[in-house]
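Here is a short report on one protein. Look over the sequence and the structure, then read on.

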Amino acid sequence: MSHVATAPHECEGNLVYVRNGLSPYWAVGALLLNGFDGFSGEITVEVDGEEWTVNLKYQQGGIAPRPTDDVGGDRLYEYRIGAYGEGERKANFLIQPRFENMRHYESGKQISSPFDNHDLDEGVNVSFGGSNLEPEEYRDLLPEFVQVLAEQGGKYVNPDYFDGQPHEFSNITTYERYVRVTRNMGKKLVGRTGLMHRLLNLCATERGSKFEYKVDNEEIVGKNHRAIIPKADAKRLVGEHRYGKQLKHYHPRHVREDDEKEDDPLYHPKVGVLVKKSLNGHAFAWSDRDQLRREIDETLINALSWSGIPTKPDPTTFVADDHFSVRASERPLTLYDDPTPEMEAEQESLLVTTLSDMTPSDKEVLESLAQDGGEKHPEELAAETDRGISTIYRALKRLGAIVRNDNASVGFVSKKVEQEVAALVEDEMFSLTNAADRAAKLLNVDTRQAASSAWQKWLNKYAAEVVDATGGDGKKLRIDTILSELKATSKPRVADVLDEALTAWTKDGRDPRTLREMTVEWRESASGMQTGIVGANLA
């Protein structure tokens, strides 16, 4: 099915060139100092039919020159090219020297770089950034701008210096793509029942991998909403995804009034997805940029779909602006089912199951956590419940399906569980004997089905179900989680998952032979299924 094409917004990263050593760096420096006397002014040039305004400046860097570098000072310069195209298209390039054993000009301490650990003596790092350009445009425009500046400055710069593919050290640190939706459609994403609120309620809050929802409704609901989705939760939403990211809904700084909506695209909000180094703990290899874009686009288009926003390129849904066109994408991607109903059902089932086996100390821990909705240290729980710390830790282990414990901070695994437990605690009829039943009634869940304990937990964990086999001949176990037959992979291994299934099946008092003889079907990719017999695929 065709879907609307996304447009690039922010992009930052580093292009590394090593083929000519430091010669490109020295050439730009000579051009600036001898051709422009330190500042190029503004130069207007046409590149591929687009008019650009380009300038060249310098700044002092933090790297000390080597003894062989005749620069007449104690620190090397860095050179900055700024370029401004049509609309809000802009690019900035900071050209910096790189060599082995670099030192800070003042402290003398070593400045680490990849050149210290590889067989490379020297090269040039170009930090790039800007907006409304594809990543490849930064790479392709850089040599064009250098040659324009060289011509204007009356100096020769080798055209090969910044041309061609950059070194494998090159990376992307920030990348955002967006669409612009009508204001009414945007409400489906940020409304009280919108996807961002659903994710806030359902996503885990593990320390170091915490889902956050930042809201600014100063002038209008949805002025700037950002759902920060860490890697673990990104994988829960789409099993094949691996990057932490932000889902964004935002208006310009000065929100347009109703009387401006007819002729101003900025009356309508942008919806974007942003990936960045700080959310993932590492930069993204330049060579992985297509995969990076695919994951951004899939997250963005699926988020629209899960919000009930049509994804076809329709002007009644999307609004064109200077850089976003309402057109069909030429890049196919996968549309997934909304995972939030399944996540909600899983958490409800685990809540009921956990409450069915609750002890007095478990109940006291839940009541303490539910009092103010905040996180507490285990010792604080011990003091509030008048229980020993070892009792608290045993309770937390039993409550592990609904309570997160990182030893320094204890809280509920999601806002939804926190809200449901708080509602139960406020119920005067809440007790050990009826906890599961009260929860099931509140959630409209079948207590017996939810309390099928180990087997139901396994089904929930791997998005599995037992269905009629083709032709009605017996039953088949279907697993919708993507699995691998190999050990050396981040995906769960088929044999391990089926061993876990057999343990859970047996724990619930079922005949293990029934499961062993059952056909099993599991996902080996987003679109491919693999079939076998459970017993034949056990470890």
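This is a predicted model: local features need pLDDT of at least 70, side-chain atom pairs count only at pLDDT 80 or more; totals for chains, interfaces and linings use all residues.

In it, D69 forms a salt bridge with R66, and their closest N and O atoms are 3.0 Å apart. D69 counts as buried because its relative accessibility is 11%, under the 20% cut-off. R66 has 24% relative accessibility, so R66 counts as partly exposed.

## Links between distant parts

K416 and E348 also meet through their side chains, in a salt bridge of 3.2 Å from N to O. This pair links distant parts of the chain. K416 sits in helix α12 (residues 415-426) and E348 in helix α8 (residues 340-356), 68 residues apart. Both K416 and E348 are buried.

The side chains of E521 and K476 form a salt bridge too, at 3.4 Å from N to O. E521 lies in strand β21 (residues 519-523) and K476 in strand β20 (residues 475-482), so the pair ties together parts 45 residues apart in sequence. E521 and K476 are both buried. They belong to a network of salt bridges that links K476, R478, D480, E521 and R523. The whole structure holds 34 salt bridges.

## A negative patch

E46, D48, E51, E86, E144, D160 and D163 form a negative surface patch. E86 is in the loop between β4 (77-84) and β5 (90-99). Its relative accessible area is 45%, so E86 is partly exposed.

## The whole protein

The protein has 17 helices and 22 strands. Its C-alpha atoms fill a box of roughly 85 × 60 × 55 Å along the principal axes. Of its 539 residues, 50% are buried. The protein exposes about 26,100 Å², with 43% supplied by carbon and sulfur atoms.

Technical notes:
Residues are numbered from 1 along each chain as its sequence is written. Side-chain values use heavy atoms; hydrogens and water are left out. Patches are made of residues with over 30% relative accessible area and no salt bridge: like charges are joined within 9 Å, nonpolar side chains (Val, Leu, Ile, Met, Phe, Trp, Tyr) within 5 Å. Accessible areas come from the Shrake-Rupley method with a 1.4 Å probe; for residues, only the protein chains shown count as cover. A salt bridge is a side-chain nitrogen of Lys or Arg within 4 Å of a carboxyl oxygen of Asp or Glu. Lys and Arg count as positive and Asp and Glu as negative; His and the chain ends are not counted. The place of a charge is taken as NZ of Lys, CZ of Arg, CG of Asp or CD of Glu. Helices (H or I, at least four residues) and strands (E, at least two) are DSSP runs, numbered from the N terminus. Buried means under 20% relative accessible area, exposed over 50%, partly exposed in between (1.4 Å probe, protein chains only).
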